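Please walk through this model with me, one feature at a time.

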Amino acid sequence: MPVSETSSKVIYDALKATDVGVISALPETWLVHLIRMADDDPAMTLVRLAKEEEGVGVSTGAHFAGVRSAMLMQNHGFLQSINGIVSCSLLYKIPLLMLISDRGHLGEPDPWQTEGGRYTRHVLDALRIVHSELRDQDTAPHQIAEAMTLAHSSLSPVALLLTRDLMWESSR
Amino acid sequence: MKRIDCLDAIYEDLRDCAVVTIMGAVAAELYSLGHRANFFYLEHAMGLASSVGLGIALAQPERRVVVIDGDGSVLMNMGGLTTLARYAPGNLTHIVFDNESLLSVGGFPTATSTGSDLAAIARGAGIANTGTYTTVDDVASATRSAIASNEMNNLVAKVEAIGPAGFHMDLELLENRFEFARALRAEKA
């Protein structure tokens, strides 16, 4: 599978380094290694969701209980979660680290992903959610650490877009 | 059966639990019985109360967690029942007050008024311990057993579609949120 296992490991290790203890996820192709790594890690609580918005609630509960968390999802999952993000995370000032696979952007071969890719950044901007792109293995760990720091100091959602350059071997 | 009477009957059983309620009548009625730092009223994000409860239950396995949900909210996050069933934390009790109505927004009938059976749906989702209750005594005893047990339980309490005159609570949303988190962390099991 051309999804980068090496990049996935870099991301997973960086999440662990920021003390993430709960990961909620809804699988998609680019996230397959990350989710397997969470599943294989006895110290990680992986919550496989039926629909991404649930993850907003799970992360809220984990935060109340003093455990750091992250959500893994596709950008369509982010779009699906908007009401939860607005009326739970933003309303109640909950730190929420979202790792969003950046489908439908430059290089996207699948027609069905392209419409969602058109709006992802605009919706993040409309919600005033700080976001950044993870592009390479060297800088990703530092960005993940900084995103977690900001999520907790601002008590807000922060989004990291997992780009094709980082996640897909054949695009390198 | 009235929801306020059920809440009154289980109020003392909630003393040491992390309690997450939905918005509207459920929140206002529990608050009217006496607010506690371990009560969190999710005043929006319909459907997510059970997901918040799941997050707490998984993050603090030694703490008893009670989610007080409603039919309208459960119907908005039915997939969440399958997630509850999948992880089934033994410290989680999921109470659903089913008044067959979106009472807080004007009393529109929900699908439970036309035959949708939430306990059957929960069972179908994979939640082994579920039941429907129609008397205050049965709700109270089922809640007590559920909180005491080491298995996840879902209870559907069929109640009348009546609520308090108003939903005002002298508690800011953020005040409630910070107080609740502090209570959970201070007594972290």
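Predicted model: local features only at pLDDT ≥ 70, side-chain atom pairs only at ≥ 80, totals over all residues.

Two strands count as paired if DSSP finds at least two bridges between them. Strand β5 of chain A covers residues 130-134, and strand β6 of chain A covers residues 157-162. The two pair in the parallel sense, over five bridges. To find the pairing on screen, look for A:L134, which stands opposite A:L162 in β6(A).

Now follow the chain between these strands. Helix α7 of chain A, residues 140-154, belongs to the unit. Together, β5(A), α7 and β6(A) make a β-α-β unit, and the unit is right-handed.

Move to chain B for the largest pocket. How much space lies in the largest pocket? The figure is about 250 Å³. Its lining has 18 residues. Those nearest the centre of the pocket are B:I22, B:M23, B:L102, B:L103 and B:S104. Three elements of chain B give two or more residues to this lining: α2 (25-33), α4 (71-76) and β5 (101-102). The largest share comes from α4(B), with three residues. By class, the lining of the largest pocket divides into nine nonpolar, seven polar and two charged residues.

The largest cavity has a volume of about 30 Å³. Which residues line the largest cavity? They are B:I22, B:M23, B:L42, B:H44, B:A45, B:M46, B:G47, B:L48, B:A49 and B:S73. B:I22 and B:M23 are in this list, and they also lie nearest the centre of the largest pocket.

Finish with the cysteines. A disulfide is a covalent bond between the sulfur atoms of two cysteines. How many disulfides are there over all chains? The count comes to zero. Take B:C6 as an example. The cysteine sulfur nearest to that of B:C6 belongs to B:C17, 16 Å away. The cut-off for a disulfide is 2.5 Å between the sulfurs, and B:C6 is in no disulfide.

Is B:C6 buried or exposed? B:C6 is buried, because its relative accessible area is 0% and buried means under 20%. A:C88 is buried too, with a relative accessible area of 1%.

Definitions and conventions:
Residues numbered from 1 in each chain as written. Chains lettered and ligands numbered in written order. Heavy atoms only, no water. Buried < 20%, exposed > 50% of the residue type's maximum accessible area, 1.4 Å probe, protein only. 1 Å grid on protein atoms, 1.4 Å probe; cavity = no way out; pocket = protein on both sides within 12 Å on 5 of 7 lines; lining within 4 Å. Points joined across faces, edges and corners; volume = space filled by probe spheres on them. Helix = DSSP H or I, 4+ residues; strand = E, 2+ residues; numbered from the N terminus. Nonpolar A, V, L, I, M, F, W, Y, C, P; charged D, E, K, R; others polar. Right-handed = clockwise from strand over helix to strand, strands pointing away.
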